[in-house]
Amino acid sequence: MNHDEFEQFVLKFGKDILRFCRMTAGDAEDGDELYQDTMLRLLEKRKKLDAVQNTKSYALSTSINLWKNKKRKYANRMRLVPIDSMERMSDEGYEIPDYGNESLPEHIILQQNEADMIQKLVALLPEKYRMPIYLYYSADMQINEISGILGLSESTVKSRMRRAKKMLKEKLEAIGYDR
């Protein structure tokens, strides 16, 4: 892949990869850092990449691997020097809003709050369930592409997505969400 092809790749798929990185990392700052690391890795391996093949899948695989490595390093550090911060997250409660007229600005804000709540619940899923959900819904990838990225069979990807949806449904019902 030459320089111009790489630029075209970034222009075409950069936003999707950035959105995936932000969702994977859980916030914009860490997601932006993951995106930069991913693009830097792709730029370093640019000459080995083929523009004809599915480079987007390779980029997403690269970002997943970089994220896993970062989490592994963090886990090792926390094992040595633990920090008590997860208790705050478990103490948070969610309140489901009552919707009125959809054209009101208040309704738009309520919808955004609902989307934020669901994203937080998805972020709390175990990684093996969260990754297929992110790839399917945020990166608009098909089951066969996801199975290639994660190195799993299509049936495994489907069952993990089914389990993830079931877990999300149970969590939403537990907090009173009945949509």
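Hi everyone. Two aromatic rings count as a pair here if their centres lie within 6.5 Å, and planes over 60 degrees apart make the pair edge-to-face, under 30 stacked, and the rest tilted. What we have on screen is a predicted model, and a search of the whole structure turns up three such aromatic pairs.

Let me begin with Phe-6 and Phe-9. Their pair is tilted, with 6.3 Å from centre to centre and 40° between the planes. Both residues sit in helix 1, which covers residues 3-25, and they are three residues apart, about one turn of the helix. Are they buried or exposed? Phe-6 and Phe-9 are both buried. Back on the phenylalanine side, ring pairs join Phe-6, Phe-9 and Phe-13 into a cluster.

On to charges. How many salt bridges are there? The count comes to five, and I'd like to walk you through some of them.

Take Lys-56 and Asp-16, whose closest N and O atoms are 3.4 Å apart. Lys-56 belongs to helix 3 and Asp-16 to helix 1, so this pair ties together parts that are 40 residues apart in sequence. Both Lys-56 and Asp-16 are buried.

Next, Arg-22 and Asp-32 meet in a salt bridge at 2.7 Å, N to O. This one links Arg-22 in helix 1 with Asp-32 in helix 2, residues 28-44, and the two are ten residues apart. Here both partners are partly exposed: Arg-22 has a relative accessible area of 34%, and Asp-32 comes in at 26%.

Then there is Lys-70 with Glu-33, a salt bridge of 3.5 Å, N to O. Lys-70 lies in helix 3 and Glu-33 in helix 2, so the pair ties together parts 37 residues apart in sequence. Lys-70 is partly exposed at 34% relative accessibility, and Glu-33 is partly exposed at 37%. As for networks, salt bridges with shared partners join Asp-16, Arg-19 and Lys-56 into one.

One last stop in helix 3, residues 55-80, which is where Arg-72 is found. Which side chain does Arg-72 make a polar contact with? The partner is the side chain of Asn-69, at 2.8 Å. Arg-72 itself is partly exposed, with a relative accessible area of 48%.

Methods
Residues are numbered from 1 along each chain as its sequence is written. This is a predicted model: local features need pLDDT of at least 70, side-chain atom pairs count only at pLDDT 80 or more; totals for chains, interfaces and linings use all residues. Side-chain values use heavy atoms; hydrogens and water are left out. Rings of Phe, Tyr and Trp (its six-membered ring) pair if their centres lie within 6.5 Å; planes under 30 degrees apart count as stacked, over 60 as edge-to-face and the rest as tilted. Helices (H or I, at least four residues) and strands (E, at least two) are DSSP runs, numbered from the N terminus. Buried means under 20% relative accessible area, exposed over 50%, partly exposed in between (1.4 Å probe, protein chains only). A polar contact is a pair of N or O atoms within 3.5 Å; within protein, one must be able to donate a hydrogen and the other to accept it, and residues adjacent in sequence count only if both atoms are side-chain atoms. A salt bridge is a side-chain nitrogen of Lys or Arg within 4 Å of a carboxyl oxygen of Asp or Glu.
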